[in-house]
Amino acid sequence: MNLAVLRSPNIDRASEFYSEMGLLFTKHRHGSGPEHYVSCVNGFIFEIYPLGKHPPTIGTRIGFSVDDVDSIVPMLVAIGAELISQPADSEWGRRAVIKDLDGHIVELLTPPGRDRIVASDKTSTGVITETHSDGMNVGDANRE
């Protein structure tokens, strides 16, 4: 998969929400199409488009691999996310499920053995948003 598109009645608010997880967005417009937000991470494109005349995408469930579910969930809840399932260990790693500000179900997962980056200040969320050109995540080269 290389593309996911969500539709939102307020794209600015939605991009701010997903930015809390460490995604970096820029605004784009293709020809005469609507202005929208785009985040590209290691070839994966995540776009937030205005709702417009299109059907809502709230039936879509999306998931993100993050460095530390336990530190990210409280930040998202503080800005209005609804907690559906508390962070807990699962067979896939540390996992939580939230509902974003538009009602999309979002699964957050810290896979077992994932390097953690601890948020040290307001400018760091602890989310890896880039990978090296060889496909390794930041810190992978230092693993034993």
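**Reading the labels on a predicted model**

Visitor: Why is Asn42 called exposed?

Guide: Asn42 has a relative accessible area of 51%, and the label exposed is given over 50%, while buried means under 20% and partly exposed is in between (1.4 Å probe, protein chains only). Residues are numbered from 1 along each chain as its sequence is written, and side-chain values use heavy atoms, with hydrogens and water left out.

Visitor: What makes the backbone of Asn42 worth a remark?

Guide: Asn42 has a positive phi of about 50 degrees, although this residue is not a glycine. Most residues other than glycine have a negative phi. Asn42 is found in the loop between strand E3 (36-41) and strand E4 (44-50), where strands are DSSP runs of E with at least two residues, helices are runs of H or I with at least four, and both are numbered from the N terminus.

Visitor: How many helices and strands does the protein have, and in what order do they run?

Guide: The protein has 2 helices and 8 strands, and from the N terminus on the elements follow the order β-α-β-β-β-β-α-β-β-β. Of its 144 residues, 37% are buried.

Visitor: Which residue caps the N-terminal end of H1?

Guide: That residue is Asn10, with a side-chain oxygen 3.3 Å from the backbone nitrogen of Asp12.

Visitor: Why is Leu23 called buried?

Guide: Leu23 has a relative accessible area of 10%, which is under the 20% cut-off, so this residue counts as buried. Leu23 sits in the loop between H1 and strand E2 (26-28), and although Leu23 and Cys40 are 17 residues apart in sequence, their C-alpha atoms are 8.3 Å apart in space.

Visitor: Why is the contact of Lys27 and Glu35 called a salt bridge?

Guide: A salt bridge is a side-chain nitrogen of Lys or Arg within 4 Å of a carboxyl oxygen of Asp or Glu. For Lys27 and Glu35 the distance from N to O is 3.4 Å, so the pair meets that condition. Lys27 is partly exposed at 40% relative accessibility, and Glu35 is likewise partly exposed at 35%.

Visitor: What parts of the chain does the salt bridge of Arg61 and Glu107 tie together?

Guide: The closest N and O atoms of Arg61 and Glu107 are 3.2 Å apart. Arg61 belongs to strand E5 (residues 61-65) and Glu107 to strand E8 (residues 105-110), so this pair ties together parts that are 46 residues apart in sequence. Glu107 also forms a salt bridge with Arg95, at 3.4 Å from N to O. Arg95 lies in strand E7 (residues 93-99), so this second pair joins E7 to E8 across 12 residues of sequence. Elsewhere, salt bridges that share partners join Asp12, Lys27 and Glu35 into one network, and the structure holds 7 salt bridges.

Visitor: What makes E1 and E2 the edge strands of their sheet?

Guide: The open sheet has 4 strands in the order E1-E4-E3-E2, with mixed pairing, where two strands pair if DSSP finds at least two bridges between them. Strand E1 (3-8) and E2 each pair on one side only, which is what makes them the edges.

Visitor: How do you know that E1 and E4 are paired?

Guide: E1 and E4 are joined by 6 bridges and run parallel; the requirement is at least two, so they count as a pair. Within this pairing, Leu6 has Ile48 in E4 as its bridge partner.

Definitions and conventions:
This is a predicted model: local features need pLDDT of at least 70, side-chain atom pairs count only at pLDDT 80 or more; totals for chains, interfaces and linings use all residues. A polar contact is a pair of N or O atoms within 3.5 Å; within protein, one must be able to donate a hydrogen and the other to accept it, and residues adjacent in sequence count only if both atoms are side-chain atoms.
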